[in-house]
Structures are given as C-alpha cells and as structure tokens.
Amino acid sequence: MGEFDLIARFFNRRPEQGIGDDCAVFTPTAGTQLCISSDMLVEGRHFFAGVNPEALGHKALAVNLSDLAACGATPRAFTLALSLPEVNEIWLEGFSRGLFALADLHGCTLIGGDTTKGPLNICITVVGEVPTGQALFRSGAKVGDDIYVSGSVGEARLALEILRGNVNADAATLESVRHRLERPTPRVNLGVALRGIATSMIDISDGLLGDLGHILKASNVGANVQTAWIKGSLAFALAGGDDYELLFTAPPSQSDALQAISDKASTRITCIGQVSRELGLRVLDGAGLPIGKSFSSFDHFSSP
C-alpha cells in the first residue's frame, strides 16, 4: 500500500479540507487568535512498543489537546505526521479509530500531514482558537493567588511503574490506573471555562512541581504547596508526570466561581497552595511544616 492509498483509506475522511493537496486551507473565526502546539511521540521514549494502537491514537491527540486546554483554547484542527516501520492495516485501523474518536468528541478536524517509512514516530500539530486577548499563559500568576489542580494526579506514574515492574500490584489495580497513562483526558471544556478567571495555567506533563515551577519562573513569584490533599504516593503525585491535568492560579475572590465551574464540568478542582512573594517552591506537610525531601528525581516517560 502506497502513501496516498494509506492516507485515503485511514485518514482522509473530509476531502473538502484539502488532505492530499500540497497545503490545507484553514479559515480562522473572526475575532479570535490562533493557538498552535506540536508534540512528538516516539516509541520506546513516550510509549511502550506493542501498546494498544487505539489507545495510542487517543493519547497522541490528547496530549496536544491538553496544551490547547492550558491556554483556554477551543480545538479546531490538527495535522498528523506519521513514521511507520511497515504498513500494518490492523494497527492503522485501531490507531485511526482512537484518534478520530477523540477528534470528533472535540470537533477537531484532521486537515493534513505526512507519512513516511521509519521507526514508529507520531507528530501532531494542533490548532485552536481563543477570543482575542483572552488566552491564558504561564506568566500571569499574582502574589496571593490560590493554586489549583484539576482531577487527580499520580495514577499515570503508578501505572508506568507497575508496567516497568518497579511496583508490585495485582491486575485489578493496574487496570484501574492504566487508562490514566494510556488514555488521558484533555480538560478542554475546563480550560475554556477558566478564561477570565485563572491568572495563569499549564498542563501537567512533567510532574506537578516541575510544571508549577514553569509558572513561578514565568511569573517571577514563589509558592507554598500543601500535601494534605494527596492520597497515595507523594512522589507520584508531585513529580510523576503524564497526568495531563490543568494546574492554574486564581485570586481567592474566584473560589465560588471555580466551584460552579467544577460542578458544571463534573471535574474536581482542588486548591493545593498559594502564590507567595518569596521566590522558590516550598512543599508543606499536613501541619504546614516544610518537607525536606526532593521530589524532582523521576525520569519522565513522556514529556512533550
């Protein structure tokens, strides 16, 4: 099967978008700015060889949609560059099924890309829109803001360590957390709802503390982070990565609005600390005392 036959069979669902031509034609919505992000997933670095192709198709797009969510953007379109060691039709059917199921859920259309022969490598560029001037950045955190995280963190790392053989667990435990590693949920609706409320935002790919550090550096502030809210391993929750939850700051005056957003989005939002004037990141125990242990020693299975 040649390149064009492969594209036509598995990826060209909407010929009017220009797939197969030299360029795709894309018209932004009036009054919006475009948000664009690219992520690459490499076999053995970002996912295990032999992973379920449908789950891989989902994750390949999910990590990109999570970047849009972190800016408060609505997904519009994406491109796909795919390097394949061979044409495996069963694999491609599963991969494209997982990819398009998530794309359709968010109204995000495949508009172009490329395929070639080589080691399994997936590169997606996603395009979203945000009303002009309303994009959220890492640089807006203010002293006195509360720090929030969506959903839960740590399960993806737990699944990874079980699969690596570093943590002993039964099949039921692995099954309960594996979807968090292989099928993360991009918090797109939550990100859109946080426009005008959050002062800064980032998605958690490299670990909560590591990604919070990016906000603090960009905003030139510090933070005190509580740990009493964490269930399970502190290390996995604080430094595990691959969670693809949203980490954001907002003034205390927005707490009621955030509760309403949480209820509407059916996504838990937890206040985990406060932004401080004193630079640096301090991790506190349940009594408010500093924890001396470092939580930054993990290697990250995926960190796009």
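Predicted model: local features only at pLDDT ≥ 70, side-chain atom pairs only at ≥ 80, totals over all residues.
Student: Which residues of helix H4 (residues 155-163) are buried?

Tutor: They are Ala156, Arg157, Ala159, Leu160, Glu161 and Ile162. Buried means under 20% relative accessible area, exposed means over 50%, and partly exposed lies in between (1.4 Å probe, protein chains only). Helices (H or I, at least four residues) and strands (E, at least two) are DSSP runs numbered from the N terminus.

Student: Now the whole protein. How many helices and strands are there?

Tutor: The protein has 9 helices and 10 strands. Its radius of gyration is 20 Å, close to the 19 Å that the globule rule gives for 304 residues, so the protein is as compact as a globular protein of that length. That radius is taken over C-alpha atoms, and the rule is 2.2 Å times the number of residues to the power 0.38. Of the 304 residues, 49% count as buried.

Student: What share of the contacts links residues 24 or more positions apart?

Tutor: Such pairs make up 87% of the contacts with a separation of 6 or more.

Student: On to the sheets. In what order do the strands of the 4-stranded one lie?

Tutor: The order is S1-S4-S2-S3, in an open sheet with mixed pairing. Strand S1 (32-42) and strand S3 (109-117) stand at the edges with a single partner strand each, so one side of each has no neighbour in the sheet. From one strand to the next, the twist averages 15 degrees. Two strands count as paired if DSSP finds at least two bridges between them.

Student: How do S2 and S3 run relative to each other, parallel or antiparallel?

Tutor: Strand S2 (residues 74-84) and S3 run parallel and are joined by 8 bridges.

Student: Where is Thr115, and is it buried or exposed?

Tutor: Thr115 is in strand S3 and counts as buried, at 14% relative accessibility. Its C-alpha atom is separated by 7.5 Å from that of Leu84, 31 residues apart along the chain.

Student: And what about the 6-stranded sheet: what is its order?

Tutor: That open sheet has the order S6-S8-S5-S9-S7-S10 and mixed pairing. Strand S6 (200-203) and strand S10 (280-284) are the edge strands, each pairing on one side only. The twist averages 25 degrees from one strand to the next.

Student: What joins S5 to S8?

Tutor: Strand S5 (residues 146-150) and strand S8 (residues 246-250) pair in the antiparallel sense over 4 bridges. Tyr148 stands opposite Phe248 in S8. H2 also lies across S6 and S8, at about 175 degrees to S6.

Student: Which residues touch the most other members of the largest nonpolar core?

Tutor: Among its 49 residues, they are Phe11, Phe78, Leu80, Phe95, Leu99, Ile122 and Leu194. H2 gives the most to this core, with 8 residues. A separate second core of 21 residues includes Ala141, Leu209, Leu212 and Ile272. A nonpolar core is a set of buried Ala, Val, Leu, Ile, Met, Phe, Trp, Tyr and Cys residues joined through side-chain atoms within 4.5 Å.

Student: Finally, is Phe137 buried or exposed?

Tutor: Phe137, found in the loop between S4 and S5, is exposed, with a relative accessible area of 53%. Leaving aside residues up to four places away in sequence, Phe137 touches Thr199, Ser200 and Met201.

Conventions. Residues numbered from 1 in each chain as written. Heavy atoms only, no water. Axes fitted to C-alpha atoms, helices over the stretch in contact; angles between N-to-C directions. Contact = heavy atoms within 4.5 Å.
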